[in-house]
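Please view the sequence and the structure before reading on.

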Amino acid sequence: MTQQHDFTPHRTIAPLTEAEVRERLGHKQMIENIGQMDQTYLDGIKRILTVSADTELLSAPAYYRAAQDAPSTNAYLSAMSIIQDEMAHAHIAYRMLEDLGVDKQKLVYERRPEDFKYPYAFDVPLDNWTELAVANALYDRAGYTLLSDIFKHTTYGPWHRALVKVDKEEQFHLRHGENWMKRINKEPGGHAKLQKAIDWMFPLTVEWFGLPDSHKRHNIQIEYGFKGYSNDELRQIWLSTAVPFLKSLELDVPAYWDEQQQKYILTFPFPSEFDVSTKTWIYEDKPIGWDQVMARWKARGAMNESYVREIQRGYKDLYGAQDTGIGERRWADIIN
Ligand SMILES: [Fe+2]
Ligand SMILES: [Fe+2]
């Protein structure tokens, strides 16, 4: 059964039943379009694609801010080339959403800032070149970890093919971060600057991977094979390359490899409370509840509004007089 695509922004209905989709997936057949989805698959893939697209898009203003502190023209240009990659990655994911019946213009330019779905880490300002280097080494590594999993395991054919290019570029971003960190580490005072950045950015990236598996009741993302690994598995994969790299620069890292348990163990209470105004963690004797973390994520952080408004500014200037909904629409209203 197939369904003709049109690109008008109305609610799209997936034609298959859950049993039909599960049978198809059971035969290891990829899903290629809406005609091969049930409503759960369609809603789920829209959500995960939005998270991916928004993360790529918001990294652009975040990196742009820090790039103003680039130590040379060459360094500035390398940051611009990364930003250009991220915009392309965002475009790929939004373009796929368009094929699923979503209005891309509305999604990017008419959505309210708090309805963008990207990791909390990008709500915290990157204030200098050292923090950009660490962001490339840690945040892009998280992006690379997540996207490599999707590339290897996703059941959505168009996404699998699109990620060939994205995967390679993310690898370049994280190497860029590593190279700069090695360089900064040798400069006078550089080691201390890196340590200061690691102290707030490392735990924030650990948090990036989301709720621990023990808190997830139902995991449609894995059942339907949008991705392959669980949150905790992805967190461990990230730790397995991030920790050795940071240790090679003799930085203090609040995590170590436990031989007996065959996994990385965190040495700080996880999760904890974060003070965004001072970019410091408030460590109590024991971890806080995940409901508190979710409340912080939901409230978004310092940069959310200004980054999104920066992205939407030109569109608002052009169409603002005609459409009062710009920057005010909810995600759920645009996506359905
Ligand atoms: Fe990217
Ligand atoms: Fe990247």
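## Surroundings of Glu 273

Beyond the neighbours within four places in sequence, Glu 273 makes contact with Ile 282, Ile 288 and Gln 292. The model in which these contacts are found is a predicted one. Glu 273 belongs to strand E3, which covers residues 273-275. Is this residue buried, exposed or partly exposed? Glu 273 counts as partly exposed because 15 other C-beta atoms lie within 10 Å, whereas 20 or more would be needed for a buried residue and 12 or fewer for an exposed one. Ser 230 lies 43 residues away from Glu 273 along the chain, and a distance of 24 Å separates their C-alpha atoms.

## The hairpin of E1 and E2

Strands E1 and E2 form a hairpin, with four residues between them. Their pairing is antiparallel and runs over four bridges. In the turn, Gln 262 has a positive phi of about 55°.

| Item | In E1 | In E2 |
|---|---|---|
| Strand extent | residues 255-258 | residues 263-266 |

## Helix H6

Helix H6 comprises 30 residues, 157-186. From the first C-alpha to the last, H6 reaches 45 Å, close to the expected 44 Å. At Leu 163, H6 bends by about 40°.

Conventions. Residues are numbered from 1 along each chain as its sequence is written. Chains are lettered from A and ligands numbered from 1 in the order in which they are written. This is a predicted model: local features need pLDDT of at least 70, side-chain atom pairs count only at pLDDT 80 or more; totals for chains, interfaces and linings use all residues. Helices (H or I, at least four residues) and strands (E, at least two) are DSSP runs, numbered from the N terminus. The expected span of a helix is 1.5 Å times one less than its number of residues. The bend at a residue is the angle between axes fitted to the seven residues ending there and the seven starting there. Two strands pair if DSSP finds at least two bridges between them. Two residues are in contact if their C-beta atoms, placed from the backbone, lie within 7 Å.
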